Amino acid sequence: MVLIIPVLDLTASLENDHRLRIRVTDAHHRRWEIPHNFLPRPALTTTTTSSSSSHRHPPQTQIVLSHPRSDQIFTLIATTPFGFTVTRRSSGDVLFNSSSEPPYLVFKDQYIQLSSTLPAARSNLYGLGEHTKPTFRLKENQNLTLWNADTGSANLDVNSYGSHPFYMDVRSPKGVSHGVLLMNSNGMDVEYAGDRITYRVIGGIIDLYFFSGPTPELVVQQYTELIGRPAPMPYWSFGFHQCRFGYKNVSQLETVVAGYAKARIPLEIMWTDADYMDGFKDFTLSSVNFPLHKMKHYLAKLHKHGQRSVIILDPGISINNSYGTYVRGMEADIFIKRNGAPFIGKVWPGLVNFVDFVNPAGRQFWSNEITRFLNLLPVDGLWIDMNEISNFLDPTIDPNSALDNPPYKINNFGSHRPISHNTVAATAIHYANMTEYNAHNLYGYLEAIATHAALIRVTRERPFVLSRSTFVGSGKFTAHWTGDIASKWEDLAYSIPSILSFGLFGIPMVGTDICGFLGNTNEELCRRWIQLGAFYPFARDHTNFDTSSQELYLWKSVTASARKSLGLRYRLLPYLYTTMYESHTTGVPIARPLFFSFPEDIKTYRVDNQFLLGRGVMVSPVLHPQATSVEVYLPEGNWFDLFSHAKSPLRGRGTTILPAPRDHPYVHVREGNILAMQGEAMTTQAARRTPFELLVVMSKTGHSTGQVFLDDGVQVEMVGKEWTWTLVKFHGALVQNHKKVVIGSEVVNRKFAIRQRWVIGKVTIVGLEEGMKVKEHKIHSMVGRIGNRGFGTVRSYSSDGPFTIVEISNFRHLIAEDFNLELEFM
């Protein structure tokens with residue numbers, strides 16, 4: 001029997017200048033919606049309310065909601081058939097239109113359908129994940145299923161580990177953008193036909209948020225303002241990570257660490273998969289292969305050398321009366337239940353019960369177990385896996401249950417499998433009688449919240465959590481990796497759309513298993529993968545237990561590429577960390593699609609094989625075997641090679657073909673940017689002790705800007721007390737008819753940087769007109785004027801192209817001091 005909801009309440013509210021909320025629910029009965037204590041958001045303010053029945057009420061006069069400060073106008077067209085529009089005040093463009101033609105609104109107890117037309121010729125959609133896709137821009141005629149599942153990201157176009165019912169629409173030709181979120185945790189299919197988008201949801205309510213933009217960057221800022229800004233990541237997490245499911249003992253871990261050191265490849269974090277456990281049981285150590293005394297010695301040695309350790313945890317607790325964690329869990333009564341008893345599943349340790357993170361006592365239990373373990377072995381971060389929830393058993397389904405067997409079958413696993421397939425039964429019960437049917441997609445999100453809080457409690461430092469399963473708002477607590485990809489060239493290419501999508505979802509610290517996870521990699525693939533993966537926000541080599549080893553030092557050519565690519569990554573650490581600061585404070589991603597910086601260039605809308613780090617560094621990898629060339633799209637401007645400033649810059653705008661040397665990835669910086677860099681090193685700790693270099697890339701417009709954020713990299717708050725951080729803003733300009741260059745800084749909260757005694761050791765200026773030679777130079781600083789002596793050696797030389805490069809070595813200026821550098825040219 002399908003229950004039809006006869007009377008609906010609609011509430012439309014302009015929550016601020018850029019966010020519109022439209023909520024439709026049962027007028028007489030409370031329905032499931034995501035609890036506010038799980039995902040905090042502003043309480044609903046009733047600006048316009050319409051009570052309607054799709055069966056009895058005739059069409060009525062249109063109701064309009066608008067405000068002069070908002071660019072969005074809501075119009076209720078009619079109640080039978082139900083329809084509304086959201087339009088842009090400034091242009092009249094229709095952002096959402098549910099009223100023009102079928103399929104109309106359907107609102108039943110376990111089936112909600114809502115549809116909108118789209119201008120197919122101008123609309124470019126991105127988001128609606130998590131799926132592995134060959135393109136970043138959504139292709140027409142796709143069904144996008146959202147239901148968290150352990151499907152493995154090697155599988156194309158099927159629902160995967162996370163659910164993010166958010167999309168961004170970038171409309172040509174000007175790139176005016178908006179975002180749409182359906183705040184709903186139930187399973188759903190989203191059908192995108194190019195000229196229409198249709199939601200088919202198996203529960204909850206319609207709770208739509210519209211973000212007016214109008215730029216892509218502003219859309220993400222507005223979205224993360226609602227769901228939570230991304231968590232700050234510790235500085236060390238931007239180093240290189242190494243992992244494998246299958247390191248058999250402590251000796252193997254130590255051998256790998258030594259192998260990286262011998263090869264002179266940076267290694268920051270050594271990970272340990274479930275091998276370290278006693279029988280795959282959380283919060284235990286194998287007494288034979290990973291005994292506590294050896295693990296303590298190993299960890300102390302890592303810490304002595306400025307390196308870190310991260311270990312894995314799964315949410316399934318082995319059913320074993322001799323296992324302390326299980327006994328304490330049973331005593332605290334914190335497991336998910338079915339039919340009044342803890343639900344039984346099966347994962348790596350065998351039969352398990354699953355921690356109920358809905359239950360406050362469950363979250364406290366998890367925190368206590370983490371505290372117990374870290375007091376024994378103080379690892380530096382936690383990796384939470386299998387939290388979709390993954391279950392190796394298919395639970396018994398009650399065919400008479402509308403929860404186990406809902407009337408509408410979403411396209412689970414790409415083949416309409418039951419929603420309980422390889423997970424917890426939909427009829428299982430969480431705390432407060434909350435069903436798995438409603439809470440399923442929230443599980444990994446809630447586990448990340450609990451883990452994040454536990455790490456702060458134990459370490460008193462900024463936590464690092466990596467979660468496989470995610471939901472709306474997960475970025476506030478965790479980083480993410482894209483799961484079980486294959487060691488194939490196709491998966492190398494797919495990693496870019498995946499990483500860019502998670503940037504839109506508010507999870508900027510994201511990466512893919514470098515060299516691949518499933519199946520054996522090979523030398524060429526691994527070489528090309530590290531050339532790309534070195535510039536993922538989260539850079540980790542990881543593979544499965546049944547594959548050949550793939551540490552980067554095992555092949556000479558991969559070693560050479562790793563040194564080169566990771567060498568540049570470590571030089572760029574201040575820049576990468578500053579993009580994390582920008583993500584944390586504004587929500588903008590670290591890795592960004594090209595159209596973020598060039599929204600009016602419609603050719604950037606379909607670029608899937610390149611990305612930006614921040615606003616001005618572009619990564620253009622080689623993604624095909626035996627490639628001798630690579631096709632690169634260059635947006636407008638001059639682009640300078642970050643490996644060699646003397647190389648002739650690339651000039652946009654358009655597609656160009658570049659040679660593809662075996663050992664050279666393409667990483668360019670665009671004119672108009674100023675990068676603060678430091679030296680290469682084996683660890684982030686060592687890199688932070690090196691002098692800064694300013695790379696000033698002059699623009700033909702005459703102005704360049706940049707900034708660097710500085711703190712200790714581990715304090716819980718990234719922007720806390722003013723003496724705990726420093727922000728340095730840089731500016732550069734060509735003046736006096738391009739005969740003079742002025743470069744300066746403005747320091748905010750200088751106390752922290754003063755204590756560190758960091759210096760700018762070198763300034764490099766690129767992009768100057770050919771033939772320019774320095775006639776006079778001087779510097780003004782906060783401590784007084786310095787003439788043309790004592791602040792460095794100036795050298796000018798020509799690049800391969802029509803530009804001059806100026807280097808000032810031995811600059812020796814404290815980064816905490818404002819300065820104004822003037823160079824006059826002949």
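Select R31: with 11% relative accessibility, R31 counts as buried (buried means under 20% relative accessible area, exposed over 50%, partly exposed in between, with a 1.4 Å probe and protein chains only). This is a predicted model, where local features need pLDDT of at least 70, side-chain atom pairs count only at pLDDT 80 or more, and totals for chains, interfaces and linings use all residues. Residues are numbered from 1 along each chain as its sequence is written, and side-chain values use heavy atoms, with hydrogens and water left out.

**Stop 1: R31 and D109.** R31 forms a salt bridge with D109, with the closest N and O atoms 3.0 Å apart (a salt bridge is a side-chain nitrogen of Lys or Arg within 4 Å of a carboxyl oxygen of Asp or Glu). R31 sits in the loop between β2 (19-26) and β3 (48-52), and D109 in the loop between β8 (106-107) and β9 (112-117), 78 residues apart. D109 is partly exposed, at 31%. The whole structure holds 38 salt bridges.

**Stop 2: helix α5.** Select residues 360-376. R372 and E369 both lie in this helix, three residues apart, about one turn (helices are DSSP runs of H or I, at least four residues; strands are runs of E, at least two; both are numbered from the N terminus). Their side chains meet in a salt bridge, 3.9 Å from N to O. Which of the two is buried, and which partly exposed? E369 is buried at 2%. R372 is partly exposed at 46%.

**Stop 3: E636 and K700.** Here the salt bridge is 2.9 Å, N to O. E636 lies in strand β36 (residues 629-641) and K700 in the loop between β40 (692-697) and β41 (703-711), so the pair ties together parts 64 residues apart in sequence. K700 is exposed at 51%. E636 is partly exposed at 33%.

Stop 4: Show the open sheet of six strands, in the order β33-β34-β35-β38-β36-β37, with antiparallel pairing (two strands pair if DSSP finds at least two bridges between them). The edge strands are β33 and β37 (650-659). Now pick R592, in strand β33 (residues 591-592). R592 is buried, at 4%.

**Stop 5: W348.** Finish in the loop between β23 (345-347) and β24 (350-354), where W348 lies. W348 is partly exposed, at 34%.
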